[in-house]
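This briefing is intended for a reader who is meeting the structure for the first time. Please keep the sequence and the model in view while reading.

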Amino acid sequence: MSQGLGQGPVTARKSDGLKGTVLVPGDKSFSHRSLMLGGLAAGETRITGLLEGADVIATGRAMQAMGARIRKDGDTWIVNGVGNGALLAPEAPLDFGNADTGCRLIMGLVGVYDFETTFVGDASLSRRPMARVLDPLRQMGVQVKAAAGDRLPATLRGPKTPTPISYRVPVASAQVKSAVLLAGLNAPGITTVIEPVMTRDHTERLLRRFGAELSVETDAEGVRTIRLDGRGRLVGQEIEVPGDPSSAAFPLVAALIVPGSDITIRNVLMNRTRTGLIVTLQEMGADIEILQARLAGGEDVADLRVRHSELKGVTVPAEQAASMIDDYPILAIAAAFAEGETVMSGLDELRVKESDRLAVIATGLKLNGVDCEEGKTSLVLRGRPAGTGLGSASGAVVKTDLDHRIAMSFLVMGLASEHPVAVDDVSMIATSFPGFIELMTGLGAQIA
Ligand code: S3P
């Protein structure tokens, strides 16, 4: 789990052009959902390309604790599910570690069952708001005992018969949408989720694929109404997990900012609810060639050829946030090397990620010489294209606050900064990107 470097600070240094072709690990959102639906569906699900990060493994363990059988045969994960409606009561608390997606979605999946399930997590997950998922579950009849402020640890107990609800998602959150839909699988009748701002739609796509009766209507304003007919039969599937665009983002931005770079990242998920970062970087002048665009397992995927580029600052509209919500930390690093000012707004949700990402990014940028202002829900920064003066000559260390994306982002920053950039911890990178440091050093990055 330590990315091969042991405990303690890790430093990235100015590197020569990055070169090579890489595959990034499987998409995290897709991997969680594949294990959940595979563990629930009747019969066998075979998954290739699964992200074997700590977060997804925690989801797999939770599904095993509720009766699913999961094993690995060569490169394929084989899941034998219990059948919809037939999860078993776990004998011990489900421990999700750092994994918010696993925790929130499984709260929906099993919270509506007529038995007690207890959810626990690490220090970061225990700080994160769960009311956004617990509130709609309460409306379905779920009883909740949780730590102050609806935080973990939390124990849920469903009613004899959950009530199907119609729920308008109050924050743009795929996790909330998904938790309600997964709860709806065990409620008789139609559960409706109204989504004013479209978020990643992997749950809808995969539910359909496993055989759920699910329809989506989008009105003229883009508001989506998703209807799921509960208590249907789900059947095991063959799933190929494409590469995670939010992981590809790190080598991608590294190649853009390190002069002389030319890399290719193969098999990246290009679902349009996930490509906001690529669109924004292209507006900034990034040379990203989208090659071999194709459909694989019902999703758009492509290979990305990325070359060093002269970037320009940009204004990123709030409406873009949902399609790049996990990618602001690395976008901020790209902006630190862009000519002029970059303005990002609508960032409220960044305050409740694995860390208060807005504060942690701004603090780390300032520590490393970037001229920036942190607003309540915005970040404004002025770049230095050649990285002159960036980094820390005195060896200051960025506090990552248990946040994998913060650690990876600042390590990327160090590859093009005049001075080194150090982060306090890299162990949590394994939650989403096992092998990150090895992959980056394989491209020529100096990280040690
Ligand atoms: C995810 C949804 C997003 C994202 C998270 C994964 C998902 O969270 O930040 O990393 O798989 O549904 P929110 O739903 O809180 O925006």
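Proline 153 belongs to strand β9, which covers residues 151–157. The model is a predicted one.

- Leucine 152 and proline 153 are joined by a cis peptide bond, with omega at about -5°.
- Aspartate 150 lies in the loop that links β8 (143–147) to β9.
- The phi angle of aspartate 150 is near 55°, which is a positive value in a residue other than glycine.

- The side chain of serine 29 has an N or O atom 2.7 Å from an oxygen atom of the ligand.
- For arginine 33, an N or O atom of the side chain is 2.6 Å from a ligand oxygen atom.
- Lysine 353 likewise has a side-chain N or O atom 2.6 Å from an oxygen atom of the ligand.
- The ligand taken alone exposes 380 Å², and the protein buries 97% of that area.

**Site and surroundings of the ligand**
- The ligand takes up the space of the largest pocket.
- Two elements, α1 (28–40) and α6 (174–184), each give two or more residues to the shell around the ligand.
- The residues around the ligand include Thr101, Arg132, Ala172, Ser173, Ala174, Gln175, Arg200, Ile325 and Asp326.
- Sorted by class, the shell has three nonpolar, four polar and five charged residues.

**Position between domains**
- Domain 1 (7–26 + 242–447) and domain 2 (28–165 + 172–186) both give residues to the shell, so the ligand lies between them.

Conventions:
Residues numbered from 1 in each chain as written. Predicted model: local features only at pLDDT ≥ 70, side-chain atom pairs only at ≥ 80, totals over all residues. Heavy atoms only, no water. Near = heavy atom within 4 Å. Polar contact = N/O pair within 3.5 Å; in protein donor to acceptor, adjacent residues only side chain to side chain. Areas by Shrake-Rupley, 256 points an atom, 1.4 Å probe, with all protein chains shown as cover. 1 Å grid on protein atoms, 1.4 Å probe; cavity = no way out; pocket = protein on both sides within 12 Å on 5 of 7 lines; lining within 4 Å. Sits in = over half its atoms within 2 Å of the grid points. Helix = DSSP H or I, 4+ residues; strand = E, 2+ residues; numbered from the N terminus. Nonpolar A, V, L, I, M, F, W, Y, C, P; charged D, E, K, R; others polar. Domains from an automatic or database assignment.
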